[in-house]
Amino acid sequence: MSAPNRQVRLASRPAGEVKPENWEHVSVPAEEPGPGQFAGRTRVISLDPAMRGWLDDRPSYLPPVGVGEVMRAGSVIEVTASQHPDFQVGDHVVGSFGVQEQVVSDGKGVLRIDTSLAPASTYLGALGMPGMTAYFGLLDVGALNHGETVVVSGAAGAVGTMVGQIAKVKGCRVVGIAGGPEKCALLTDELGFDAAIDYRAGGVKQALREHAPDGIDVYFDNVGGDILDAALSRLAMHARVVVCGAISQYNNESAVKGPSNYLSLLVRRARMEGFVVFDYAKRYAQAGQEIAGWIAEGKLQVKEHVVKGTVDDFPDTLQMLFRGENVGKLVLDLS
């Protein structure tokens, strides 16, 4: 008889904040790999703000997680049995395997990683989706130029820490917006940001006037809402606003609050553009190489928030994102 496979499934669609009753914790028999498949044990699970959007039954860049389905998540697994020619026992691979202890895969959309070069968690962060998001969002969508002023919200999160550091590598002035003095100190003292604004202290508009006196050339938005409005009021001529996310709005039970200052785009001849990182998949390897080089050269620090636990700890760990408790990339370590 197979060992049980512990899973977290979506039990019901949340209204507003995700609650414990929206999840179902189950044990099912672990599957054996068939021809062309491999099996593996989950080592690290990625937790991302986008997960909240996947729970709503509305059109998006990915179909919603179905009620009764294993929760979608990126993870790193260690191969434990294989009938696949490209994957051997002991290999570590990254892919979208869901919130479960054990998986069986045919290898599609799966990437083998080298945990001797970087910890498994880093392939879910700086060398994974957040790193790719920061890289392509800032350099392609944001069309960053040397010497410009970059402001990033959610600056102490997985994407924000990367955006600010990449902008510094590219010779820009960087202002981060984050919640609380500890996160702001991290940005300036450890990660090399030129300034940090604590949105919880209020006065964001005034602080942006002070720290971006010539206006914002690139605003990288992770939070939406009032912070987006404040940034729109401080745009430089021909500014680029990169819409990556809006974590302040994800748990809204009413309509998402749109930007009231959007006419700044007209006055400043600026543009505001959203993007989905999956569109850049063919260039992930190139970006990963460059980011790994910056890490090796000491130009870029990896910030990770590792929670050790089991798959059953997933729901509460996910809420850390919306309580603003994580610094850098949040992962659940099952090893």
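A residue is called buried when its relative accessible area is under 20%, exposed when that area is over 50%, and partly exposed in between, using a 1.4 Å probe and protein chains only. By this rule Gln165 is buried, because its relative accessible area is 2%. The structure is a predicted model, in which local features need pLDDT of at least 70 and side-chain atom pairs count only at pLDDT 80 or more, while totals for chains, interfaces and linings use all residues. Residues are numbered from 1 along each chain as its sequence is written, and side-chain values use heavy atoms, with hydrogens and water left out.

**The chain as a whole**

- The chain has 9 helices and 15 strands, where helices (H or I, at least four residues) and strands (E, at least two) are DSSP runs numbered from the N terminus.
- A compact globule of 335 residues would have a radius of gyration near 20 Å, and the chain agrees because its own value is 20 Å; this radius is taken over C-alpha atoms, and the globule rule is 2.2 Å times the number of residues to the power 0.38.
- Along its principal axes, the C-alpha trace spans about 65 × 45 × 35 Å, and buried residues make up 51% of the 335 residues.
- Contact means heavy atoms within 4.5 Å, and among contacts between residues at least 6 apart in sequence, 66% join residues at least 24 apart.

**The largest nonpolar core**

- In soluble globular proteins, nonpolar side chains tend to be buried together.
- A nonpolar core is a set of buried Ala, Val, Leu, Ile, Met, Phe, Trp, Tyr and Cys residues joined through side-chain atoms within 4.5 Å.
- The largest such core here has 36 residues, and those with the most contacts inside it are Tyr135, Leu138, Leu144 and Ile166.
- Elements that each supply at least two residues of this core include α2 (129–141), α3 and β9 (173–178), and α2 gives the most, with 7 residues.
- Leu144 touches several residues, among them Leu138, Val150, Cys172 and Val218, when residues up to four places away in sequence are not counted.

- Gln165 is found in helix α3 (residues 158–169), and Gln165 touches Leu191, Phe193, Lys299, Leu300 and Gln301, not counting residues up to four places away in sequence.
- Ser264 lies in helix α7 (residues 264–267) and is also buried, with a relative accessible area of 18%.
- Leaving out residues up to four places away in sequence, Ser264 touches Leu232, Ser233, Leu235 and Arg269.
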